[in-house]
Amino acid sequence: MSILVFALVGALAQLIDGTLGMAFGITSSSLLVALSATPLAASVAVHFAELGTTFASGASHWRTRNVDWRIVVRLGIPGAVGAAIGATVLAHFSLTDAKVWMSWLLLTLGVVLIARFGLGKRLIPTIAGQPTSGLLVPLGAFAGFIDASGGGGWGPITTPTLLSVTTLEPRRVIGTVSASEFLVALAASGGFIGGSATSDLDWQVVAGLLLGGVLMAPFAALLAGRLPHAPFGTLIGGVVVITNARTIMITNNISTSVIASALIAVACVVVALTVAAWRREHRLGVEHSFFEESAQ
């Protein structure tokens, strides 16, 4: 296939990843596997491409002040350790069953996000102030391992978790997760090199994903900073639910027509809740401005 095709895939994946804080690896890996690449080859190609895309994304989010560097250190370094281990494991074991269990966990987190931002209901108590190392270190290590061994998962695990249990703005969570992902991609790539998993690597795929992702990164970072708070969180939750519900249904051999109908129904509900969240946030913003003007 042409490098232009992979560049378009990289651009689309980075647009989603940079604005929602997840899905570059999942989007890219899914396409490569659909094109008959092995899970190992797909993960290797994606993580090599992410060396450039995550650096560009992190720099773009830094320029738009979306990055909390204190969290980057405590999340990214453990993530790098987990990624190095995951890259080694991928070359020797099948993690199909683990990915199914992970899909259930992520599906639950997606529902929590939809309830919080779409319905205004908190199902998990939030952490006051900055998240502690007690949360960030194990979260980073776990997400890094899943990301390297499964071809994606850093954003889908860390972004919903931080949105669910902290009071950080979505754009700050997304920017911080994106910046810390560079350390994960670096460690995973080193693990793949050490495990001699790069012999069959198609550098045209890497170059295409890298080109598209790097070019799209600045625009995605700007969009992340401009999207409204509640609708944005609802949309992230919807993406998590739809992505993982599809994985679970495919694993259970549910027919394609049933899967399509179910995902369309979920998407319609998510869109309706996103619109309702936008209207609610807009109304509260107008009321807040009115009271501020009245007080002056």
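Select Ile3. Its relative accessible area is 37%, so it is partly exposed (between 20% and 50%, with a 1.4 Å probe and protein chains only; under 20% is buried, over 50% exposed). Ile3 sits in helix H1, residues 3–20. Helices here are DSSP runs of H or I with at least four residues, strands are E runs of at least two, and numbering starts at the N terminus.

With Ile3 they make a nonpolar surface patch of about 300 Å². Patch members have over 30% relative accessible area and no salt bridge; nonpolar side chains (Val, Leu, Ile, Met, Phe, Trp, Tyr) are joined within 5 Å, like charges within 9 Å. Areas come from the Shrake-Rupley method with a 1.4 Å probe, and for residues only the protein chains shown count as cover.

A note on the model: it is predicted, local features need pLDDT of at least 70, side-chain atom pairs count only at pLDDT 80 or more, and totals for chains, interfaces and linings use all residues. Residues are numbered from 1 along each chain as its sequence is written, and side-chain values use heavy atoms, without hydrogens and water.

Zoom out. The protein has eleven helices and zero strands. Of its 296 residues, 48% are buried.

Select Asp68, Arg70 and Arg172. They form a network of salt bridges (a side-chain nitrogen of Lys or Arg within 4 Å of a carboxyl oxygen of Asp or Glu). Arg70 to Asp68 is 3.4 Å between the closest N and O atoms. Arg172 to Asp68 is 3.9 Å, N to O. Arg172 is in helix H8 and Asp68 in the loop between H3 (39–63) and H4, so this pair ties together parts 104 residues apart in sequence. Is Asp68 buried or exposed? Asp68 is buried, at 4% relative accessibility. Arg70 is exposed at 53%.

Now go inside. The largest nonpolar core has 38 residues; Leu75, Trp154 and Leu209 are among those touching the most other members. Helix H8 (residues 170–194) gives the most to this core, seven residues. A nonpolar core joins buried Ala, Val, Leu, Ile, Met, Phe, Trp, Tyr and Cys residues through side-chain atoms within 4.5 Å.

Finally, color by pLDDT, the predictor's confidence per residue from 0 to 100. The average is 77. Where pLDDT is low, the predicted coordinates should not be read in detail.
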